[in-house]
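I opened my notebook for a first look at this structure. Here is what I looked up, entry by entry.

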Amino acid sequence: MDHQQKPQGGNLTNLQEFVLLGFSDVPYLQWFLFGLLIVIYCFILLGNGTIVIITKVDSALQTPMYFFLGNFSFLEICYVSVTLPRMLFNLGTQRRTISFIACAAQMCCTLILGATECFLLAVMAYDRYVAICNPLHYPLLMNQRVCSQLVIGSWISGIPVQIGQTSQIFSLSFCHSNQINHFFCDIPPVLHLACGDIFVNEMMVFLGAVIFVLVPFLLIVFSYSKIISTVLKLPSATSQAKAFSTCSSHLAVVILFFGSAMITYFRSNTSHSGQTDKVLSLFYTIVTPMFNPMVYSLRNKDVTIALRKILCKQFTER
């Protein structure tokens, strides 16, 4: 990350609000985007909500793998609800202002939930590693208490650091403009408006990305390297295919989420562009939550069977 000195003049010392430019550069698509995002949001709520419900009520899904999946789907609902409703409000009313406090709160929640997602994806990879590489010890290593501790740890580990990082960013002075070239308050576009020397802030962002993005990603890579090595030693192609099928959905979500997040937070500040940042953030804030129920329902036989059982039960009761 390149050290960058921002100009000191024109500080907005009494800044009360920001303006989220969002999709204002395509005014002719505003209502189309509004309708599209409503459909996407409803799909995310319905799809992930269904997974949360069936992993709770179906007896066949009372395993660590589906316990983590249920928590992950609930997390996706929370994550998308931090940004998408505000985007819909801005598109529907054409009022793009957001208060200073609301912007800070949105950034903080996004960072906390993003860190939780990184840790939870790493936990899910560890679960698959234990299940495939140490199947005899799996019930002992992944008992209910351990699973609960891993989930709670994933949810709370990032809270103090991300609150501190958000406070540090919003304690800066902002120069010349209060217009954020983004559809939510993300770190790169907000830092772009800051005055003076932001080297320390850039280093803190980079360090946070290493801890909360790179480290979980490397743990996932390590887990899957062990999984692949173990699976390739299995005697039959059927056994190999079955083992890989339990990991493929998770791996698809990992690639989509970590790929876009790492490009966003590990690029140098000089290479950031508003349009690129917006496209990349769409992947880890909207596309991944939308993608999650599709890959787990279409590619996971157990989830598909559980869903059919619930639907058949509803129809027979009528």
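I began with burial: buried means under 20% relative accessible area, exposed over 50%, and partly exposed in between (1.4 Å probe, protein chains only). F212 counts as buried, because its relative accessibility is 5%.

A note on the source: this is a predicted model, where local features need pLDDT of at least 70, side-chain atom pairs count only at pLDDT 80 or more, and totals for chains, interfaces and linings use all residues. Residues are numbered from 1 along each chain as its sequence is written, and side-chain values use heavy atoms, with hydrogens and water left out.

**Entry: aromatic rings**

I looked up ring pairs next (rings of Phe, Tyr and Trp, the last by its six-membered ring, pair if their centres lie within 6.5 Å; planes under 30 degrees apart are stacked, over 60 edge-to-face, the rest tilted). How many aromatic pairs does the structure hold? I found 19 of them. One is F119 with F212, an edge-to-face pair at 5.7 Å centre to centre and 75° between the planes. F119 sits in helix α3 (residues 100-133) and F212 in helix α8 (residues 199-231), so this pair ties together parts 93 residues apart in sequence. Helices here are DSSP runs (H or I, at least four residues), numbered from the N terminus.

F183 and F184 make a tilted pair, with 5.4 Å between centres and 50° between planes. I checked their burial too: both F183 and F184 are buried. I also noted one aromatic cluster, formed by Y79, F217, F257, F258, Y265 and Y284.

**Entry: α3 and α5**

Then I turned to helix packing (axes are lines fitted to C-alpha atoms over the stretch in contact, and angles run from 0 to 180 degrees between N-to-C directions). The axes of α3 and helix α5 (residues 144-156) come within 7 Å and cross at roughly 150°. α3 and α5 are therefore roughly antiparallel (an angle over 145 degrees). Their crossing is right-handed, which I read as the near helix being turned clockwise from the far one by less than a right angle, with anticlockwise giving left-handed.

Which residues make the contact (heavy atoms within 4.5 Å)? From α3 they are I112, L113, T116, F119, L120 and V123, and from α5 they are L150, V151, S154 and W155. I sorted them by class: eight are nonpolar, two polar and none charged. Ala, Val, Leu, Ile, Met, Phe, Trp, Tyr, Cys and Pro count as nonpolar, Asp, Glu, Lys and Arg as charged, and the others, Gly among them, as polar.

**Entry: α3 and its other partners**

α3 also packs with helix α6 (residues 159-170), at about 145° with the axes 9 Å apart. That crossing is right-handed, and its contact has twelve nonpolar, three polar and no charged residues.

Helix α2 (residues 64-93) packs with α3 at about 160°, with their axes 10 Å apart. Is the crossing of α2 and α3 left-handed or right-handed? I wrote down left-handed. By class, the contact of α2 with α3 has 15 nonpolar, six polar and five charged residues.

**Entry: two single residues**

N201 is in helix α8 and is buried, with a relative accessible area of 5%. N201 touches Q168, I169, L172 and L191, leaving out residues up to four places away in sequence.

K242 belongs to helix α9 (residues 237-266) and is exposed, at 63% relative accessible area.

Note on methods: Helices (H or I, at least four residues) and strands (E, at least two) are DSSP runs, numbered from the N terminus. Angles under 35 degrees count as roughly parallel, over 145 as roughly antiparallel, 65 to 115 as roughly perpendicular and the rest as oblique. Contact means heavy atoms within 4.5 Å.
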